[in-house]
Amino acid sequence: MSRIPLGALGENGRYSLVISIFVVVVVAALPGCEAASASVTGTANGIAFGESTSVYWGARYVVVSAVELECDELAWVEQNYDATAGAPSEFDTSLLQFTFAGELIETGTFSIAQGAQVQATIVNIDGGAYAESNATAGTFDLESVADEGFAEGTFEGVTFEDGVLDGSFTAAWCRTLKP
């Protein structure tokens with residue numbers, strides 16, 4: 001291996017070398033080209049979620065929004081909602097919410113049902129009107145989760161009173177989702 005003395009590079013050469021090293025370090029530190037997304041087939045409660053980029057995880061939750069929402073707009077997400085209190089948020093959305101019984105999500109394959117390790121709920125907020133529907137069956141498979149990174153998984157046969165949802169997701173970590 002040949003060595004080139006830094007003095008032989010001249011001032012412009014040293015700047016080019018420093019910039020090149022900086023670019024290599026920054027690019028190596030970037031996470032993959034992964035982005036939050038979900039692909040949901042089927043309808044439930046008259047809602048077709050389709051493709052979404054508003055997909056987040058945090059604490060015990062994985063959420064897929066049918067409308068564009070930022071992480072900071074999800075501080076209202078809870079394990080249980082009080083229907084008599086009205087809409088839990090001022091943001092109009094249809095949210096597919098997977099809730100783990102424990103305080104944190106974990107990898108594995110789980111049955112979906114009320115009182116099970118994972119519950120699935122559709123929360124629909126429209127102009128202050130609030131409706132909630134809980135799934136009675138289905139399977140949720142959380143394949144991977146990276147601390148403050150992405151969570152990836154699939155769900156199948158998530159059965160609501162008037163429809164079934166299947167899909168896959170890559171969810172971005174959201175600091176406002178709290179146990």
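Both Cys71 and Cys174 are buried. These two residues form a disulfide in this predicted model, and a search of the whole structure finds 1 such link.

**Disulfide**
- The sulfur atoms of Cys71 and Cys174 lie 2.1 Å apart.
- The link between Cys71 and Cys174 is right-handed, with 95° about the S-S bond.

**Salt bridge**
- The structure holds 1 salt bridge, in which the side chains of Asp72 and Arg175 meet at 3.1 Å, N to O.
- This pair also links distant parts of the chain, with Asp72 in the loop between S4 and S5 and Arg175 in the segment after S11, 103 residues apart.
- Arg175 is partly exposed, because its relative accessible area of 47% falls between the limits of 20% for buried and 50% for exposed.

**Strand S3 and its partners**
- In strand S3 (residues 55-58), Val55 and Trp57 point one way while Tyr56 and Gly58 point the other way, and all are buried.
- S3 pairs with S4 in the antiparallel sense over 4 bridges, and Gly58 stands opposite Tyr61 in S4.
- A hairpin is formed by S3 and S4, with 2 residues between them; in the turn, Ala59 has a positive phi of about 50°.
- S3 and S11 run parallel and are joined by 2 bridges, with Trp57 opposite Trp173 in S11.

**Aromatic pairs**
- The count of aromatic pairs comes to 6.
- Phe98 and Phe155 form a tilted pair, 5.0 Å centre to centre with 45° between the planes.
- This pair links distant parts of the chain, since Phe98 lies in strand S5 and Phe155 in strand S10 (residues 150-160), 57 residues apart; both Phe98 and Phe155 are buried.
- The rings of Phe140 and Phe169 are stacked, because their planes are at 15°, and their centres are 5.7 Å apart.
- Phe140 lies in strand S9 (residues 137-145) and Phe169 in strand S11, so their pair ties together parts that are 29 residues apart in sequence. Phe140 and Phe169 are both buried.
- Ring pairs link Phe98, Phe100, Phe110, Phe140, Phe155 and Phe169 into a cluster.

Notes
Residues numbered from 1 in each chain as written. Predicted model: local features only at pLDDT ≥ 70, side-chain atom pairs only at ≥ 80, totals over all residues. Heavy atoms only, no water. Disulfide = S-S within 2.5 Å. Buried < 20%, exposed > 50% of the residue type's maximum accessible area, 1.4 Å probe, protein only. Pairing = 2+ DSSP bridges. Salt bridge = Lys/Arg side-chain N within 4 Å of Asp/Glu carboxyl O. Phe/Tyr/Trp six-rings, centres within 6.5 Å; stacked < 30°, edge-to-face > 60°.
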